[in-house]
Amino acid sequence: MKTYQLKFLAWTFSAFLPPDDPDAEKDKVDYYELLDVATNANADDIKKAYRKRSLQLHPDKLRQRGMRYQGEVITEDEARARFQQMKSAYDTLSDPKKRLIYDALGHRGMDFVINPSHAYDPHVLMGNLAKSSVFDRAKLMMLVLMFFGLVLLQPILVCAKVDQMLEKDGGALENASWVALLIPFWFFAAFYGVLLVIGKAVLPLLHWMSFVVGILFLTLKFDNTLSWDYAILFIPFYIWMFLRFAEAKKEMMAVQAAMSRMVTIEFLTKFVINEKNQDEDGNDIEDQQLHRSYNDLNEEERDDINKEYIIVHVPPKAQAPGDDEEEDDFERIERSPEYQEAKAQYVYASKSMQRIILPEIPLIVLIIIQLDTNKTWNWGLTFLPLWISMFFDCCGGCYGFFCTSALAHIEVQEAMAEHMAKEKEEAENDGGEESKGNDEEKGGVNAMEVAGGAKADDKGEKPAEVEAVEAKKAEKSSEADKAGIDTAVGVEPPTKTETSNAKPEGGDEEVNAKKEANDTENGDDDDDFMFEMDEDTFHFYQQAEMDAENKASEAQSKAIGSFCNIIFQVIIAALFAAKLNKIYDERDEEKMDGTSSFSTFWILFPFLLISGCIISCFACAIFGADSIDTAMNAEDAGENEGNEGGGGEDTADTDNNEASPVILTPPPSQQQGAEDPTPKNADELNNQATNIVENEGNGAAPAEAADTDQESCMDDLD
């Protein structure tokens, strides 16, 4: 870029540059004068001048000359400042880009452009715009109006010619040539083609040329210069769609190749750099030492690796507490921003191919049939592929708006349910082990009892339990006989077989109930399981819910944008189809006065409405920059005051803590051979606190009391 081009840009966008400060400009010396070189000096002259000035301002040389520079006595600080200024001058003039900016913009524009924090900070830009003059703001507004005027000029001319052609009286544009009417489009086509040639974009240049040639053939057809059928006339558009399809396919293949080359730095270190003599843990098999990492490679080796692989930067992933599962390399690559960007490019190229297949190819076929065969179809039916495509886009937008939010939250809930199931399984395993131990103990006791009973049966004796029951009954009978009570009962004692086969009352149901009660005590009942979430797990899933909400909001924003685009396209297409139907109906009725048809400008009305809203917003932002900058500064000041207020509260709390110090009382020391003192009860502690308060009220300094107690604490600890 030339110097005059930079000067023109600086003059055009001077409202965004810092305002002129005469006081600051006085302190800055011209860099060419500082190095004592001409404005057209080459790099060698500037280098020689810098060496000469450096020797003159060197501290040792200045001390030898008594700190005299150019006949003046200067201090070391002044010498150091002049040396730094001279070094800045050399750094600027020795760099071709910085020198070009300095020659065009001077110190003011140089500092602004070189510092990216100023050039891209909205607060700085809005502040500079608020301080700029009305003339500088008017230049910006004229630039905005010129842009929208050039964009809308061609559609306005086309609509005006169509309306005049349909009217009886006509107008100045009725007999104008279509080729001449499209002069703004030809200029734009040539300018865009030059940009593609400069960028060496061969395939985009070819399909752009095909589109321009197709427009040229249509204009010649409208001017009755060409008498071809529309099927032949649309050959450039066939080529245009084919080249776009090929470009999208090429983009998809390139993205797939790039995605297959993506690797993580860990994979690169483990399997590429140290492929031969390294195990899965990244250690040397021979001497168990790590091999070289990516940072240890030289530039040539790095270039070779970068040509073959694409290194991605994987962001850290938050894992639930207790989740020790490690991701594989492919899952980590999928989370990288490079992979996500490549995936978005792949989806965009895929949608481009889908748009060519539906609706463009069926739409152009139906238009050719309508025009060449003079069919009396309704143009709304001719645009049927367009309506179908918009319907599918609308369905996709509905899915993104309504379903994405639910799916994002369902993923979090599934992760939570999986975590709960894992905790429940662990609890069941722990309870099962305890139940197994209890069953083993009970089984040992029952085995001993069964063994004892079996032993008694083998000897022909009664079981010990039966003997104990009979002894107790005999004792009660003897007591009853002494009291004169008749205890004769006609119940025979149970035999050995009946005793062994006897079942408790209630049968199997009572046994099952007791078993369920035992299972409940052992923790086997699923209904009594209580899921307890610790603090880390709670924060993890809370953050997961917030991430899901942000993901859903982003998807909904995209869906809303898609809805607006679809509605805009539907309105334009419906107006265009209605206009064509009116024109062809009037042609069939031989009534071409345009009275029964609406103006063609209604088709352009949505564009005019949106453009007017955007221009109004620009006007408010440019000429209302003072109010916007004031509001932004007030908001920043409010945030700073809030931060200071928070600090004040902390300070107040600190002062209150200092006014009422907390006295730490250590436990009483235990001496050898002495009994442990009994702990103080609540009354004694209250008495001690009352004495401390009375001492403070009598004038005892809290700090001294605290020091005394601290010394006693240290003595007790010793």
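Helix α26 runs over residues 601–623, which makes 23 residues. How far apart should its ends be? At 1.5 Å a residue the helix should span 33 Å, and the end C-alpha atoms are 31 Å apart, so the two values agree. Bear in mind as you look that this is a predicted model.

Which of its residues are buried? In α26 these are I603, L604, P606, S611 and I622.

Now move to the surface. Here you can find a nonpolar patch formed by F8, L9, W11, F13, F135 and L143. Together these residues have about 610 Å² of accessible area. Two elements, α1 (3–12) and α10 (134–166), each give two or more residues to the patch. The largest share, three residues, comes from α1.

Let's pick out one member, L9, which sits in helix α1.

Finally, here are some values for the whole chain.

| Feature of the chain | Value |
|---|---|
| Buried share of the 718 residues | 24% |
| Share of contacts with a separation of 6 or more that join residues 24 or more positions apart | 63% |
| Carbon and sulfur share of the accessible surface of about 49500 Å² | 57% |

As for secondary structure, the chain has 29 helices and four strands.

Conventions: Residues numbered from 1 in each chain as written. Predicted model: local features only at pLDDT ≥ 70, side-chain atom pairs only at ≥ 80, totals over all residues. Heavy atoms only, no water. Buried < 20%, exposed > 50% of the residue type's maximum accessible area, 1.4 Å probe, protein only. Contact = heavy atoms within 4.5 Å. Areas by Shrake-Rupley, 256 points an atom, 1.4 Å probe, with all protein chains shown as cover. Patch = residues over 30% accessible without salt bridge, like charges linked within 9 Å, V, L, I, M, F, W, Y side chains within 5 Å. Salt bridge = Lys/Arg side-chain N within 4 Å of Asp/Glu carboxyl O. Expected span 1.5 Å × (residues − 1).
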